Amino acid sequence: MKNSNIKNLVKPSVRSLTAYQAFDIPCKIKLDANESPYGFPFGPLLAKISTNRYPDPGAKELKRMLAKRLAVSPANILFGNGSDELIYYLITTFGGPVLYPVPTFSMYGIISQALGEKAISIPLDREFDIALEKTLMAIKKEKPKLIFLSSPNNPTGNCFSAEKILKIIELSKGIVVVDEAYQPFSSEKGFLPLLKDYKNLVIMRTLSKIGLAALRLGFMIADAEIIAEVNKVRLPFNLNSLSQAVAVEALEEKGELAFSIKKIVSERELLFRELEKIKGIRPYPSEANFILFRTDKPEKVYDALLKRGILVRNMTGSVTGCLRVTVGTPEENKAFLKALKGIYG
Ligand code: PMP
């Protein structure tokens with residue numbers, strides 16, 4: 001769908017809304033926002049933050065930096081307090097039905113339900129790829145306002161077929177959100193280059209998976225009209241000053257972030273090969289910073305690992321018979337493998 005009318009997709013109640021105006025007017029004596037005039041002194045690194053002032057409502061410096069890095073305009077970016085918050089904002093803005101494949105990231109369903117919107121889940125195929133026929137049929141029948149596609153997908157770890165995603169973007173009259181939370185670990189280039197061709201495409205990313213989860217900083221990249229509509233439901237100061245400042249510094253340190261991503265990818269490959277060697281374990285190939293693996297005794301393995309102090313995620317309920325392990329440091333991965341081999345030994 002190349003030329004869609006975004007305004008018609010927005011819920012009437014949001015369409016007629018005016019975004020909260022948080023003015024950022026330069027002045028010498030600031031007495032307009034019920035703040036304390038007394039700040040709390042910080043260490044030298046964060047000295048530029050005034051704790052008594054509200055954060056920059058538009059996160060301008062960070063936005064400028066990120067826009068340059070992604071080669072888009074700042075008007076194409078919206079920040080969330082984690083991408084969780086952006087999912088909330090997207091569903092608040094456009095409403096349901098909300099469609100997504102399963103198993104996938106649970107928040108799409110949880111937030112849809114929280115907001116009273118209809119959620120439609122379509123099971124993935126045997127390869128954990130999108131079941132295209134069924135998905136297209138559901139799109140035709142249910143006309144979802146929003147489709148969430150996590151690629152790489154959590155918890156399965158694979159990227160969905162790019163052709164299938166493209167087909168969905170082209171045929172959907174609603175917004176298609178490609179959630180690229182794990183894209184930095186993937187060998188695929190992602191959907192950012194297609195943004196200019198498809199007005200209904202939203203890309204969602206986060207700093208959470210690359211060492212900055214504490215900041216709670218997610219962002220979406222989309223057509224400026226979509227950004228402006230979603231911005232209307234954004235809480236005025238959703239990104240605190242500390243997170244903004246630390247993120248700017250972290251993004252300036254590109255080398256360090258890139259190094260840790262590379263390290264995680266090479267550890268993931270090592271971990272995968274070692275898991276493959278354990279009889280009774282079937283790891284699934286991953287393009288993310290975790291590996292899903294099938295075991296003949298999930299509860300037992302989960303408990304036995306925990307007894308040895310190692311916490312993984314038990315996926316029973318969403319992918320029966322599977323556990324999900326996040327790639328750690330080489331030492332952590334070694335300890336995990338040793339414990340697992342001990343359990344199976
Ligand atoms: N999308 C996916 C696919 C995720 O797995 C997660 C985190 N588990 C998120 C979004 C949320 O990330 P954030 O920390 O930015 O809220």
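A polar contact is a pair of N or O atoms within 3.5 Å. In this predicted model, a polar side-chain atom of D179 and a nitrogen atom of the ligand are 2.6 Å apart, so the pair falls within that cut-off. The points below cover the ligand site and then a sheet with a helix packed on it.

**Ligand site**

- The ligand is surrounded by 14 residues, and the closest are S83, D179, Y182, T206 and S208.
- Sorted by class, this shell contains 6 polar, 4 charged and 4 nonpolar residues.
- D179 places a polar side-chain atom 2.6 Å from a ligand nitrogen atom.
- S208 has a side-chain N or O atom 2.6 Å from an oxygen atom of the ligand.
- In R216, a polar side-chain atom lies 2.7 Å from an oxygen atom of the ligand.
- On its own the ligand has 400 Å² of accessible area, and the protein covers 91% of this.

**Sheet and helix**

- Strands of a sheet pair through backbone hydrogen bonds, in either a parallel or an antiparallel sense.
- Here an open sheet is made of 4 strands in the order β8-β9-β11-β10, with antiparallel pairing.
- At the edges are β8 (281-283) and β10 (313-314), each of which pairs on one side only.
- β9 (residues 290-295) is joined to β11 (residues 322-326) by 5 bridges, in the antiparallel sense.
- R294 has C322 of β11 as its bridge partner.
- Helix α11 (residues 298-307) packs on the sheet and touches β9, β10 and β11.
- The direction of α11 makes about 35° with that of β11.

Conventions: Residues numbered from 1 in each chain as written. Predicted model: local features only at pLDDT ≥ 70, side-chain atom pairs only at ≥ 80, totals over all residues. Heavy atoms only, no water. Near = heavy atom within 4 Å. Polar contact = N/O pair within 3.5 Å; in protein donor to acceptor, adjacent residues only side chain to side chain. Areas by Shrake-Rupley, 256 points an atom, 1.4 Å probe, with all protein chains shown as cover. Nonpolar A, V, L, I, M, F, W, Y, C, P; charged D, E, K, R; others polar. Pairing = 2+ DSSP bridges. Helix = DSSP H or I, 4+ residues; strand = E, 2+ residues; numbered from the N terminus. Contact = heavy atoms within 4.5 Å. Axes fitted to C-alpha atoms, helices over the stretch in contact; angles between N-to-C directions.
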